[in-house]
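I opened the model and went through it piece by piece. My entries follow.

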Amino acid sequence: MYTQDGKQKGTIVLNEKVFGLEPNENIVHRALVYQLANARINVAHTKTRWERRWSTRKIYRQKGTGRARMGSNRSPIRKKGWVVFGPRNNRNFTISMNKKERRLAINILLSDKVRNEKLIVLDKIELKEIKTKAMDKIMKSLPIEKKAILALKDKNETIMKSANNLPYLKNLLTSYLNVKDLLKYDTLVLLKDSVEELNARA
């Protein structure tokens, strides 16, 4: 465990049921697909034959013109016509996954952070005012190689606003830890009370 000055300050006990699990790529992959699918928003939408405003008048007579027979002016082969087999915004991409399995996937990734020494525990963070420079100094005093997540137990406006403008740091609450972010960000930074909350989840 570190202080906000980057100095080591004792150790902290981790619950093996949360931070000591074996890897399971299948569960993690299913949880990632679940999260991405349920966050998917349908934007593309085309109109079908009955949604397009059009006249039922036949464009020209059936025979005698030498052209192909044609009915409505809103045929799918004509400009401003309806679309055949186009994308619709009423498709449902959501899938289901048990709550215990989703929690297990997160715990497996937490265990992976510990196994690869990508978990950093801070005793506490104390800032007198909202200041990005002060938060940047704290983070750079820690052994963070690339991008990191800072997980807090409770909302702290001073800490969260100070961290918002740091391009390599994302802050969120421990209750919002998810598979996508744990896979995307290399290092996980937890406060002492955040670890205690995660330990109690088992």
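I took helices (H or I, at least four residues) and strands (E, at least two) as DSSP runs, numbered from the N terminus. For the expected span of a helix I used 1.5 Å times one less than its number of residues. The model is predicted, so I kept local features to pLDDT of at least 70 and side-chain atom pairs to pLDDT 80 or more, while totals for chains, interfaces and linings use all residues. Residues are numbered from 1 along each chain as its sequence is written, and side-chain values use heavy atoms, without hydrogens and water.

**Helix 2**

I checked the length of helix 2. At 1.5 Å a residue, its 14 residues should span 20 Å, and the end C-alpha atoms are 20 Å apart, which agrees. Next I looked at the N-terminal end. Asn 24 caps it, with a side-chain oxygen 3.2 Å from the backbone nitrogen of Asn 26. I counted a polar contact as a pair of N or O atoms within 3.5 Å; within protein, one must be able to donate a hydrogen and the other to accept it, and residues adjacent in sequence count only if both atoms are side-chain atoms.

Which residues of helix 2 are buried? I set buried as under 20% relative accessible area, exposed as over 50% and partly exposed as in between (1.4 Å probe, protein chains only). I found Ile 27, Val 28, Ala 31, Tyr 34 and Ala 37. They pack against helix 3 and helix 6 (179-184); contact here means heavy atoms within 4.5 Å.

**Core**

I defined a nonpolar core as buried Ala, Val, Leu, Ile, Met, Phe, Trp, Tyr and Cys residues joined through side-chain atoms within 4.5 Å. The largest one has 26 residues, and Leu 110 and Leu 188 are among those with the most contacts inside it. Helix 3 gives the most to this core, five residues. Apart from it lies another core of 21 residues, including Met 135 and Val 189.

**Pro 76**

I found Pro 76 in the loop between helix 2 (25-38) and helix 3 (99-115). It counts as partly exposed because its relative accessibility is 35%. Beyond four places in sequence, Pro 76 touches Trp 82 and Val 84. Its C-alpha atom is 8.2 Å from that of Arg 49, 27 residues apart along the chain.

**Asn 199**

I placed Asn 199 in helix 7. Is Asn 199 buried or exposed? Asn 199 is buried, at 16% relative accessible area. A polar atom of its side chain lies 2.8 Å from the backbone nitrogen of Asn 15.
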